[in-house]
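Here are my notes on the model you sent over.

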Amino acid sequence: MPTALITGASRGLGRATARAFAARGWTLIVDARREADLAEAARGLADVVAIPGDVTDTEHRAALGAAVDRLGRLDVLVNNASSLGPSPLPPMREYRLSELRTVYETNVFAPLCLIQRLAEPLAAAAGAIVNVSSDAAVEAYPGWGGYGSAKAALDQLTAVLAVEEPGLRVYAFDPGDMRTDMHQQAFPGEDISDRPEPQVVVPALLRLLDERPPSGRYRASDLTSVGESGAEDPALTEWPAVTR
Ligand SMILES: NC(=O)c1ccc[n+]([C@@H]2O[C@H](COP(=O)([O-])OP(=O)(O)OC[C@H]3O[C@@H](n4cnc5c(N)ncnc54)[C@H](OP(=O)(O)O)[C@@H]3O)[C@@H](O)[C@H]2O)c1
């Protein structure tokens, strides 16, 4: 059975993705920092190795790598775990560098370290890497400079990896707004009930992995868009180079 490693799978998009993969019979390796939440999320998934820990921690990443070695296969790596940074989001001139470092450690260095550790099994499986991005990587929203610049760095390393690793598919995947803890943290005290649940985004991610278009940056909204007639947008079936 195909095997996927999904970081940050105890809630939000990571959890919804893990459920969808499990429903397809995939073997999963999942993590999150809070052990009880991770165990609760893993309950009911048939074939799952749940390893609590922080993606910024070297030993934890080694444990994830060792789990892949034991299973002997990795088809998909989803770098989903992410740090928003402080809430409320500070303007750049007030951003504490210690906090910015944590954002970069989580959103840039940890995904790259996992890619470096797991490139070999991924290549052996002609696998795919999905680095979860954000529109904040490409738009200049006040307050979003820390998180957004880290996601921009993640986008760029994704783009370079894509040309360096023709045997892999390397995607930056922008899910769009979702009703999750992170989104609530970004908009403290605001009603975010109009945002879609994260499971609404999962079909777009599955489409990316099923159809394996060229490596690049893809938005969930482009992968699931339907025309006025309700038919799928025909332009998407030819997989144009989707960028921003
Ligand atoms: N929500 C949105 O509107 C939105 C929009 C654009 C992009 N995104 C991106 O979508 C992805 C998922 O976000 P989400 O909204 O689903 O977030 P979420 O609901 O807050 O869930 C984040 C998950 O990651 C885990 N996590 C966080 N930091 C971690 C760390 N250092 N090590 C290991 N696990 C960690 C969390 O568990 P613990 O806290 O227990 O570790 C949790 O399982 C992120 O990459 C985010 O940047 C979200």
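**Notes on cavity, pocket, ligand and backbone**

1. One cavity of 30 Å³ or more turns up when the whole structure is searched. The model is a predicted one, and the values below are computed from it. The space inside the largest cavity comes to about 30 Å³.

2. What lines this cavity? The lining of the largest cavity is made of Thr7, Val55, Asn79, Asn80, Ala81, Thr106, Ala110, Pro111 and Leu114. H4 gives the largest share, four residues. By class, five of the lining residues are nonpolar and four are polar. No charged residue takes part in the lining of the largest cavity.

3. The largest pocket has a volume of about 950 Å³. It is lined by 42 residues, and Asn80, Ser82, Ser83, Thr180 and Met182 are the closest to its centre. Asn80 also belongs to the lining of the largest cavity.

4. H6 has the largest share, with five residues. The lining divides into 14 nonpolar, 18 polar and ten charged residues.

5. The ligand takes up the space of the largest pocket. Around the ligand there are 29 residues. Ser10, Arg33, Asn80, Tyr147 and Thr180 come nearest.

6. A polar atom in the side chain of Thr180 is 2.5 Å from a ligand oxygen. In the side chain of Asp54, an N or O atom is 2.9 Å from a nitrogen atom of the ligand. For Arg11, a side-chain N or O atom lies 3.3 Å from an oxygen atom of the ligand. How much of the ligand's accessible area does the protein cover? On its own the ligand has 900 Å² of accessible area, and the protein covers 97% of it.

7. Three helices each supply at least two residues of the shell around the ligand: H1 (12–23), H5 (145–164) and H6 (181–186). The largest share of this shell comes from H6, with three residues. The shell has ten nonpolar, twelve polar and seven charged residues. H6 also has the largest share of the pocket lining.

8. Two backbone points deserve a check by eye. Most residues other than glycine have a negative phi, and most peptide bonds are trans. Is the peptide bond from Ser87 to Pro88 cis or trans? This bond is cis, and its omega is near 0°. Pro88 sits in the loop between strand E4 (76–79) and H4.

9. Ala126 lies in the loop between H4 and strand E5 (128–132).

Note on methods:
Residues numbered from 1 in each chain as written. Predicted model: local features only at pLDDT ≥ 70, side-chain atom pairs only at ≥ 80, totals over all residues. Heavy atoms only, no water. Near = heavy atom within 4 Å. Polar contact = N/O pair within 3.5 Å; in protein donor to acceptor, adjacent residues only side chain to side chain. Areas by Shrake-Rupley, 256 points an atom, 1.4 Å probe, with all protein chains shown as cover. 1 Å grid on protein atoms, 1.4 Å probe; cavity = no way out; pocket = protein on both sides within 12 Å on 5 of 7 lines; lining within 4 Å. Sits in = over half its atoms within 2 Å of the grid points. Nonpolar A, V, L, I, M, F, W, Y, C, P; charged D, E, K, R; others polar. Points joined across faces, edges and corners; volume = space filled by probe spheres on them.
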